[in-house]
Every structure is written in C-alpha cells, then in structure tokens.
Amino acid sequence: MIHLPNLITDLGLILGAAAIITLIFKYLKQPLVLGYLIAGFLVGPHFTLFPTIVETENVTVWAEIGVIILLFSLGLEFSFKKLIKVGGSASITAVTEVVVMLLLGYFTGKAFGWSTMDSIFLGGILSISSTTIIIRAFEELGVKGQKFAGLVFGVLVVEDLVAVVLLVLLSTLAVSQQFAGSEMLFSILKLIFFLVIWFVLGIFFLPSFLKKIKPLISEEMLLIISLALCFLMVIAATKVGFSPALGAFIMGSILAETSQGKKIEHLVMPIKDLFGAVFFVSVGMLIDPAMLVEHALPVVIIVLVTIVGKIFSSSIGALVSGQPLKTSVQTGFSLAQIGEFSFIIATLGVTLNVTSSFLYPIAVAVSAISTFTTPYLIKLSFPFYNWLNKVLPSKWIENLNRYSSATQSVTTVSNWQLFVKSYTANTLIHFSISLAIILISSNYLSPFIQGKTENAVWGNIISLVITMLILSPFLYALTFRNLYSGVVVELKNERLYRNLVVVMRLFRLLLSAALIITLLNNLLSVEVALYAALIIIVVLLIFWKQVQKVYLKLEMLFLKNYNDEELHPKKEQEILAPWDAHFTEIEVKPESPAVGKTLMELKWRERAGINVAMINRGSLTIHSPESNTIIYPGDILNIIGTDAQIRKLNSIIRPDKKMLEQQDHYQPKLHKLLVRKNSFLEGKSLKESKIKDLTDGIVVGIERNAERIVNPESNWVFQENDMVWIVGDSSKIQSTL
C-alpha cells in the first residue's frame, strides 16, 4: 500500500474544509474570513467529530508562508509613494493607538491581579492590529477603494514598524527587568538605516532590471522572479533581526514602483488566495473551547477592552491628524482586532519564561473573537457615523469639519521648511548608503582581498582604493550637494536662519569626516591612515568634476525609476480632501457591461457623479481621456469621487449575473442544417438571413452538389438542398430550426 505523507493529507483536509464552509458562507452572504476560521476549528485538535490535522507544525509553516505572501501582495498595492501621502496621518493615528492600548492592557492586567510582566506583555499584545485580517475583510466587503482604507493601510504599516521596536523593547525588559533606552534607540536607528538602504537600492536596480528583461520573460517567469525577490528580501530582513512580514512588504512596495507592478500583483493573486486561506484556517485551529470556558471572564473583558479601546484610540488619533469624522470613525472600527504580531509577542513572553502559561491561550482567544467581529464592525462604522453625526452638537461638527479642512488644504511651504526637508532627506539617504558601503568593505571586501594577497597592508590599501571609488559620489552628495541653491541664498539673507544653515552644513561635513575616519580606522593603522586621508582629499579635489558627473547620472537614473509609475499629483488629492473626494483604482472585468463602450455612451459622470482622471491599459497610460475613449477589458480606471459615488460606479460596471449565467449554460456545438424548399434560408444571402443573430452561431461551411465551401462569404446565396454547417448554442439553433 502506498504511504501518503501527512503533509498532503493535512493540506487536503484544510482545503476541503475551507471549500465546503466558505461555500456555505458565500450562500449566506457572510465574510469568507469567518468561514476559514470555523473550518480551522472543525479540523483542529479541539474538535473531534471530524478528521483532525495530524502535523500542526507543517500547517504553521504553511501559515507563515501565507503571511509573507499576504504582506507581499499588500506592498504591491500600497507603494512607498502612497505611504508618504498618508504618512503624517497614519503615523499619528498608529502611535496614538499603540500608546493608549499599551496603557489599557497594562492596567487591565493589573486589575486582574496579574504580575507586572504579564500586564506589560498584555499591553503589547493588544497594541498591534492584524494586517492580514483587515486586508481579507476589506477584499470581501469591497471597501479597498474607499478613502479610509488608504489611511488604515498606512496605520498598519506604521504599526508593523512600531512592533519591531516593541519586540526589542520587551525582550530587553524581560531579560534586564528594566527599560534600556540605548537598546531601543539602536533598534530604531537600525530600522531606519535598513529601510533607507533597501528602498534606495531597490528603486535604483529593480525597475531597470525588469525593463531590460521584459522582452525575454513570460508571465510564468515574471511570477517566479517576483516571488524569488520577495523571499530573498524576507531572508535579508530576518538576518538583520526584523520580521519576515516586514521584508515581504518592503519588496512588494519596491516592485509596486516598477512598470510591471500591476502585472505582478495580478499574477500573485491566486497564490495569495491559497496561502491566505491556509493562514486563516491555522488561526481557527487554535480556538480551544475548554480554554474559553476556563478563562471566560478575562477573555470577555479583554475583548471588550480591545474593541472599545482600539475604536476610541484610533478614531481620536485620526481626528487629531486632521482626518474628517467619517474617515476617523471608519478607521477606528476597522482596526478593532489583534492578530499575527500579537501571537509573536505572546510567544516571546513564553520563550523567555517571563509570562504565565495562561497568557498565550487568552491572546489566541481574543484574536479569534475580535477577528469574528471585524467584518461586522467595518459594516457598522458607517451607520455609527450617521448616528454620531446626529447626536453630536452642531458646533462640534462644524469645528471638526473646519479643523479637517484646514489641516488637509494646500498650504504654502516656507523656504525654511523646504530647506530642512530636502537637507534631512539628502543627509539620511547618502549617509546610510555611505555607511553601508563602508560596512560591506570592512566585513567582506577587505577579508576577501587579503586572502588573495600575501601582504596584509597592500590588501587593505587595495580595499581602500576600491571602496573610495564607489564611495566618492555619495560623499560628494553628502558633503557638498547644494539643493535649492536659490532658497539657500534667500535664507542667508535672513538673519534668523543664516547661522542655522551654516550649522547644518557643518554637521554634514562632520558626518563625512566621521565616515572617512571609520573607513581608515577599519583598514589601516593610525600612521598610514593620516597619509591616506591627505591623499584622499587631494585626489577628490583633482577629480572633483568627474565625481560630480558620476553622481548626477546616478541621481537621474534613480529619479527616473522612482517617477516611472507616478499616477496622481499630490496637490490634486489634497485640494479634493475637504469634499471627501479622493482617487481610487477600479479594474474593468472582461464580463463588465462597460466593455466596448465609449465614455460618452456610459455617462458615468451623470449616472454616478465620478470623473475618470486616467486609464492604465497595460504599458499605455491615457491621461484625461476624451469622451470617445473606448473601455477595454483589464483597463485600470483612476477615478475621482466620494465613497458613495465610487460604490455606485462599482454597481454599474459589475458584470450582470443573468449574462454570466447564460454564458455558463452556453454550449457551442457543430450542427448541420438542410435547406429545404420554401425554407427561411432559401434564396437569401448569408448576410440577409441573419442566421448569426438568430442562432448565436457561425456558418463554418456549406456543402452543395458534393462541393464543400469553407467559411463562405457574406454574399453567399442559399439554395435548396444546401447542407449548412453551423457552430453555436445548441438550444438556440434547435429552437430556430
């Protein structure tokens, strides 16, 4: 008898249960996420009426892959430029939520009489919302294109970044039993450093690489290359101490900036659905009814604290950041759950032996229950906003609207703000790149060259020369690159800012000097380093122009790649913000009734109140499309409108169910028809007979007097005893003939 590995039987059981339960949930018009969780419970170890998963460790690995694919897919949809656009609001909302939930979790634990460490870890568990749950819930509810969804995605990304720092902080606290500020600061700086390096290198190399190989690759190869890049970044992120999910998101965001981003997103979708289903089923497997009964009161209270606390803190944070009341309420209701990072934090406490055994199962129960409530809370957010809008005093509503409009409207940027922003970005990027080059040289290049040469001193000198050749353009940019020179001249004329400009430039000079000293100290002795420093300065002065040209070429290539897929000017989105109108993308399905019609015929502005700002059609971009522009399958419509208008457009372009059902029943077959005397075909041409419309078929051949004519012309005239061969819908042909 052939032995079947447990991994295959487990996977079959997971997918079989998920398929059956989700079909039931689809029929009941319930979110599929809930179906996956129930399927996981039914095949899990805590429910014995059905076959049970044998090797839960294998399922855990599949679930981890699911998280990676889900975050990679999210990165493809939510690029760095989109993150920057909501960065301020997302950061304020996320930090407000995390701080409030840390405090609520701590005091809730203390109220139960738990230890200090249990209470602190409970705060950490409750502070991070679930990215994967929210993504799937948004997809199922069809709200990804709405205004608040962009803010929620931004908050989730900021929360994931905060979670990395939180893990380091909790680890240090668990080991030393006291807060270590230096460790936390180092973790934050390390995170910023690697984010800058990954982003710059990714934007610099990947778009150019994909453009060059585009003529050589098929869709299959593009999918393999994309997933390979995703998992390579996951490995890189894990190696330097970050979560695999963060690495996957970073690579997705980088690929989203390329010309192939939309295509990659489309190719990854089936894989995301498969592994996402496994992940949610694995979460459902952790639901233990016995544990829920044993810790029923703490679980119920913590669930209430989680839902109410997150709704309140997220909504307040969004309001403070300048978002409208409607967007703030929808954001708060969307973030009211915990998920994968909560499991990681709970596992950390168990691994370090600093938390009680009951904390992890409670975290799983709270996550499962809050996951069940998420889709319903998202649906409830709009009715709750309407109720709140009626209950709150009119003066409060007016003040909130005025504050939101003032915050989101376009304001004049002062010369000083422009200077600080550009110099900060310039300094951070070029310092990070320079430091990365020095670290690679010291840890990899120098040992390699020393292994190839007998004299260690000469090996270090060769390493220094190679490093300086690579480093010199970035040292030039860090030290002397003069951004917004006209602005700098104006600031120098203002006594208030003159000294500050000088101080900032001196700071950059000191950073450059520190980098050179670090490089020399790693490779050479003190005596040799002094001579080398003088030589480096002289050489840089001699070849100043050449170094400048090289840097400018590199900068132009980076900016070209970065702006390759620029979609919407930021000012336009800000100007529209007070009216709750925003940009979103809608893909036209092949079955949509809009296919083949012009914008004039569709009259979307009159019917739904929206405007089509741009159409992306493969590699073609149609800006401000004319009224005679035809809509094709797969077109990505860039729409300007409110949430209500966008929902109405979605209902208009959604494929007709009756048409789809007719297509499902369409069974083309080959039929033969004998033209008899006085038949409706006799004496008529193929065009006059309208046989195509009557039978929904095509005349592929005619047999006359033993002669066969294939694909007859439209002017062919039927005669008695002609044998006509038709391919078409059987039911229509039989009813017509």
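This is a predicted model: local features need pLDDT of at least 70, side-chain atom pairs count only at pLDDT 80 or more; totals for chains, interfaces and linings use all residues.
Of its 737 residues, 48% are buried. Among contacts between residues at least 6 apart in sequence, 78% join residues at least 24 apart.

Next, select Ile-92, Phe-312, Ile-316, Val-320 and Tyr-403. Together these residues form a nonpolar patch on the surface, with about 450 Å² of accessible area. Colouring helix H14, residues 296–320, displays the element that gives the most to this patch, with three residues. Tyr-403 is found in helix H18, residues 394–408; the residue counts as partly exposed because its relative accessibility is 39%.

Now turn to the salt bridges, of which the structure holds four. Select Asp-635 and Arg-617, whose side chains meet at 2.8 Å, N to O. Asp-635 lies in the loop between strands S3 (620–623) and S4 (636–641), while Arg-617 belongs to strand S2 (residues 611–617), 18 residues apart. Asp-635 is buried, at 0% relative accessible area, whereas Arg-617 is partly exposed at 23%.

Proceed to Asp-722 and Arg-704, a salt bridge with its closest N and O atoms 2.7 Å apart. This pair links the loop between strands S7 (707–710) and S8 (723–729), which holds Asp-722, to strand S6 (residues 698–704), which holds Arg-704. Both residues are buried.

Finally, select Arg-708 and Glu-703, a salt bridge with a closest N to O distance of 3.9 Å. Arg-708 is exposed at 67%, and Glu-703 is partly exposed at 26%.

Conventions: Residues are numbered from 1 along each chain as its sequence is written. Side-chain values use heavy atoms; hydrogens and water are left out. Patches are made of residues with over 30% relative accessible area and no salt bridge: like charges are joined within 9 Å, nonpolar side chains (Val, Leu, Ile, Met, Phe, Trp, Tyr) within 5 Å. Accessible areas come from the Shrake-Rupley method with a 1.4 Å probe; for residues, only the protein chains shown count as cover. Helices (H or I, at least four residues) and strands (E, at least two) are DSSP runs, numbered from the N terminus. Buried means under 20% relative accessible area, exposed over 50%, partly exposed in between (1.4 Å probe, protein chains only). Contact means heavy atoms within 4.5 Å.
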